[in-house]
Amino acid sequence: AYDSNYRDVEFECLKGEAGTSKIAASIVSFRDYGLFERLATMLESKHKCVLNTNSCQVLLEFLLRSRVARAKRISFSTKVVAGLSLTAEPNEILYSTILTVCGKLGCAAQMASCISLLLQNSKRKKDRDLSVFLLRADFLLKFNRLDSPSLSLQTLVIDDMKSSKRTVDSTCTINELICALISNHGAHAVAAVVRETLSFLSRHHSSNISVVAIMDRASLISKMNEEHSFAFLADSFNRFANEFSSMIRGMLVPSFATYLAGENKRLGLKAISWVLEHGNDRAFDNLGKWIAGSENETRSLVTALSSESEASGTLALSILNKCAVQQRSEGYGWSTTFEDALGRSPPSVPPSLHTRIFLAEFPGITSKRDSVGRVTLHYAVDNEETPFDTIHRVLESFPRAASILDPVTKLYPFMQAGMNSQVDATFSLLLKNPSLVAGAHFNETTNKRKRSPSMDL
């Protein structure tokens, strides 16, 4: 039988969450407000007396159904919330119940202090997953709609996101939470949270991050850009472009090539386009090395490009010009075996194989001018690392390029090749149009080339 004069309440409370769970169950079962009073006193006075999330939830729901005086229920509610264990983080259901209590009892102002302390506690918030901070943001935004002192989103959520060192458990969940925040509160209200979320994802990326995690981040940036156009997205694009190119270059299976062969290839191509639009020279180099590192990577990319008719030709040209022609096809990604029966390494492969795949898939691509008026040959001879085999293949695919002045450098291709110590390429280019030599002369004092009318094509 239940003893209403339960003498061992203090002893049970000092057992921690297990003891208080038993007491909370007894309070609800027997509607014992005297026992509730003793528990509330212990929660205030004994640091070992704490509630777990479930007990806190049960007691608040009990108070919502209770018919005791409003002031008494408010007093109990504040003590219950303040008594939540430091190791327990409120879940979405508990947050919702706290909001219901504040709304039904009209006690948001009285609850503001204990809620602030709950969220400020350093032990509770230390190294939490990003989803925890997003749930907190949703709760605070809803709480601030009530007739109460406004709690600071910056202090209680955003600043903590900046200091957390925890990696992200599920980027897909993060995307869903961000979209829910915008839907519930509006883009303007959560702009600071979105900005810090993207910064968080950038700071906490690792070298062994999965393709899915990278592309979930790309999906979030894309959605925010298309639907809300936040001003801070320019920085997010720059960070993503440089980090993404580095990640895919060093990525093991499942690789980005597999992703490009799947149903989300359009997002994969969009991520590559961001590298070209927002990345730096190192990002171009990383993307190029990924393409040239394996036949599988090259073919997966050109297949994805050719299957997307919309703007695929422009993107393919940009990839070829800025990233691919400067690289060498090398490594075991171009071989079927590591060693033969005698233990010999496989033979070296021609350095232009990845470029040949592009040229075969997109006939005539090297004859197209890009947005600044350059053709592929201009990019090929503008880098001293470009293999001669690649320059030769590009030239053979569009011989007239040897006679086209580079609108950026104001040099003919043979001049560019010569300046980059590409001796073989220089002679090959001159053979295509020897008359260019007669039309070119330099001012020895200024080292600037002068033009004659015969040079204009």
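**Packing, pocket and loops in a predicted model**

Reader: Which residues is Leu301 in contact with, once its neighbours within four places in sequence are left aside?
Author: This is a predicted model, in which local features need pLDDT of at least 70 and side-chain atom pairs count only at pLDDT 80 or more, while totals for chains, interfaces and linings use all residues. Residues are numbered from 1 along each chain as its sequence is written, and side-chain values use heavy atoms, with hydrogens and water left out. With contact taken as heavy atoms within 4.5 Å, the partners of Leu301 are Leu260, Leu269, Ile272, Trp290, Ile291, Ile319 and Phe358.

Reader: Which residues have the most contacts inside the largest nonpolar core?
Author: A nonpolar core is a set of buried Ala, Val, Leu, Ile, Met, Phe, Trp, Tyr and Cys residues joined through side-chain atoms within 4.5 Å; buried means under 20% relative accessible area, exposed over 50% and partly exposed in between (1.4 Å probe, protein chains only). The largest such core has 140 residues. Those with the most contacts inside it are Met215, Phe244, Phe256 and Leu301.

Reader: How many helices and strands does the protein have?
Author: Helices (H or I, at least four residues) and strands (E, at least two) are DSSP runs, numbered from the N terminus. On that basis, the protein has 25 helices and 2 strands.

Reader: What share of the contacts joins residues at least 24 apart in sequence?
Author: Of the 457 residues in the protein, 50% are buried. Among contacts between residues at least 6 apart in sequence, the share joining residues at least 24 apart is 72%.

Reader: Which helix gives the most residues to the lining of the largest pocket?
Author: A pocket is an open set of points on a 1 Å grid over the protein atoms alone, where a 1.4 Å probe fits, with protein on both sides within 12 Å along at least five of seven lines; lining residues have an atom within 4 Å of a point. Here 19 residues line the largest pocket, and Asp285, Lys322, Gln326, Gln327 and Asn383 lie nearest its centre. Two or more lining residues come from helix H17 (281-292) and from helix H19 (312-324). With 5 residues, the helix that gives the most is H17.

Reader: Why do the buried residues of H24 lie on the same side of the helix?
Author: Helix H24 spans residues 423-432, and Ala425, Thr426, Leu429 and Leu430 are buried there. The face turned away from that buried side carries the exposed residues Val423, Asp424, Phe427 and Leu431.

Reader: What is the phi of Ser421?
Author: Ser421 lies in the loop between helix H23 (413-419) and H24. At 61% relative accessibility, Ser421 counts as exposed. Although Ser421 is not a glycine, its phi is positive, at about 60 degrees.

Reader: What is the phi of Arg31?
Author: Arg31 is placed in the loop between helix H2 (17-30) and helix H3 (33-45). With a relative accessibility of 42%, Arg31 counts as partly exposed. Arg31 is not a glycine, yet its phi is positive, at about 50 degrees.

Reader: What separates the C-alpha atoms of Ala187 and Phe230?
Author: Ala187 belongs to helix H12 (residues 187-203) and is partly exposed, at 21% relative accessibility. Leaving aside neighbours within four places in sequence, Ala187 is in contact with Ile182, His228 and Phe230. Ala187 and Phe230 are 43 residues apart along the chain, and their C-alpha atoms are separated by 8.7 Å.
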